[in-house]
Amino acid sequence: MFADNDPRLSQLLEGIVRLASGDLNSRINVSDARDELDAIIMGTNLLAEDLQIIYEELEQRVQVRTQLLHEAHLEMQKMAMQDPLTGLANRSALIDALRAAIEDSADEGPVILLMDLDAFKSINDSLGHTAGDQVLVTVGERVRAAVRDTDVVARLGGDEFAIVMPAVSADQAAIVGHRILASLNDPIELPGRSVRCGASIGLSVGGAGQTPEDMLMEADVAMYASKAEGQNRLHRFEPGLLLVRRLRSQLVEDLRTAIRTDGLTLHYQPVVELGSGRIEGVEALVRWNHPTRGLIMPDEFIPLAEEAGLISELGLWVLRASVRQLREWIAGQFVDQRFSVRINISATDLQSLQFIEDVRNVLKETGVRPEQVVLELTEVAIVKGNELDRYSLGGLRGLGVGIEIDDFGTGYSSISYLRRLPVDRVKVDRSLIDGLGTDPGQPALVAAVLQLIRACGLEAVWEGVETAEQAEILRGLGCLSAQGYYFSRPVPPEQVPDLLAAQPEGANQ
């Protein structure tokens, strides 16, 4: 044992106190006696060394974790301000950049360019989202290359981009905008094919007291003015455009009300069997008699319905109203079971599985035979369709309704795809018979188109017939059906029975 007055006891106690207070570098001297007390001191020193090693490792881990947390925080900040697909700024970053540019502006305020791609939806729908994403990435790269280093390029979502240009005049910004449009003229290479994707740009110049939201709204109004003028355009914001936007917004609300309150009407244009003169059916054409603006034609309000997301509601209204009208003609014994009504449907309808149920419900509600309802889709909508479109077409054919390609011959030189599509017939666009009766070579072209269509197992309706000579030439070439002003303009439903009664004698046999 060791003596109570051994000085090493006080040294041991002091050393333990230092260790307990966190001084892990502290060590207790070991005497030459090498007795039991020295063994305790050596054990305490070894414990201090172990604690020091553990502490240093722990401290190092804390530093590493702290650095990782810091880096993660920076990455989260970056992600919060960056579009994950293109690596460009996002809407939040754009607003911040625009606000800073407004605050820093002196003589020349900032300019914002708002850009929307013109053909992106058709690319995305027909080629898939992977191809669509690649288009967006490529567009982002081209925009970035076309602007200044000080400009902020952002993707706001979908196919909408924006560029904040600090301290620049409107004319200088317009030059950059046209440079961006020019860069999009070059095709975008995708696996196995190339595509083109133009754009529309709106330009807004910052002014005193404006907010980023004000400038974005103005650029948006100008961008829609660009779209109205055609593709690949740039339009600068003008105060008068706000009035146009308000009028357009009011027209959208009026159209929504008209659809929901039966404020629309249908006119019907006959489709005639050339050999007998029999009216084999009618095409339903929607009209809008606006309470204050008068008659508004479809070429004005249908694009409006598409932009406002009302096209499906409009299409369903036309479907119900036209099939119910057919039911009335059947009940009045004006038409027989061979008579059909043609109804135009949009590509949007094919993207909704509900549309198949809507057609099924209308047929069940009216009791009309499915084959007396023919749905017309444009050639572009059918050929550019995706898998869902083809599924929808198959589902509609399963109901027994007819499927007809409208505007045939307006966009594709090859018709080999017709063999693969669940369609009954095509409606040949009026442009293919424009010269019939005046151009000696036109009948040969019509005959060749007819032969190709029949080689695919289909028949054709020839639209745009305006003269007796055109009708006679088509009849002589073996064409079966036609439609046009020569036979009748579109008429209200109450006039259809008169047209049916005026058919040549024996046409109903």
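User: Where is L51 placed, and why is L51 called partly exposed?

Analyst: The model is a predicted one. In it, L51 sits in helix α2 (residues 36–80). Its relative accessible area is 36%. Buried means under 20% and exposed means over 50%, with partly exposed in between, so L51, at 36%, is partly exposed.

User: What makes L47, L51 and I54 a nonpolar patch?

Analyst: Patches take residues with over 30% relative accessible area and no salt bridge, and nonpolar side chains are joined within 5 Å. L47, L51 and I54 form such a patch on the surface, with about 270 Å² of accessible area together.

User: Why does R342 count as buried?

Analyst: R342 has 2% relative accessibility. The cut-off for buried is under 20%, so R342 counts as buried. Its place is in strand β11 (residues 340–344).

User: Which side chains have polar contacts with R342?

Analyst: The side chain of R342 is joined to that of E280 by a polar contact of 3.3 Å, and to that of S340 by one of 2.8 Å. The limit for a polar contact is 3.5 Å. R342 also belongs to a network of salt bridges with E280, E404 and R425. Leaving aside residues up to four places away in sequence, R342 touches several others, including V271, V374 and V461.

User: What makes the phi of A167 worth a remark?

Analyst: The phi of A167 is positive, about 45°, although A167 is not a glycine. A167 is in the loop between β3 (160–165) and α6 (170–183). With 55% relative accessibility, A167 counts as exposed, because the cut-off is over 50%.

User: What is the phi of Q333 near?

Analyst: Q333 has a phi near 60°, a positive value in a residue other than glycine. Q333 is found in the loop between α10 (311–331) and β11, and at 72% relative accessibility it counts as exposed.

User: Why is the pair K227 and D118 called a salt bridge?

Analyst: The closest N and O atoms of K227 and D118 are 3.2 Å apart. A salt bridge needs a side-chain nitrogen of Lys or Arg within 4 Å of a carboxyl oxygen of Asp or Glu, so the pair qualifies. The two residues are 109 apart in the chain, K227 in helix α7 (residues 212–229) and D118 in the loop between β1 (111–117) and α4 (120–127).

User: How many salt bridges does this rule give?

Analyst: The count comes to 25. One of them joins D424 and R397, at 3.5 Å from N to O. D424 lies in the loop between β13 (402–408) and β14 (425–428) and R397 in helix α14 (residues 387–399), so the bridge ties together parts 27 residues apart in sequence.

Note on methods:
Residues numbered from 1 in each chain as written. Predicted model: local features only at pLDDT ≥ 70, side-chain atom pairs only at ≥ 80, totals over all residues. Heavy atoms only, no water. Patch = residues over 30% accessible without salt bridge, like charges linked within 9 Å, V, L, I, M, F, W, Y side chains within 5 Å. Areas by Shrake-Rupley, 256 points an atom, 1.4 Å probe, with all protein chains shown as cover. Helix = DSSP H or I, 4+ residues; strand = E, 2+ residues; numbered from the N terminus. Buried < 20%, exposed > 50% of the residue type's maximum accessible area, 1.4 Å probe, protein only. Polar contact = N/O pair within 3.5 Å; in protein donor to acceptor, adjacent residues only side chain to side chain. Contact = heavy atoms within 4.5 Å.
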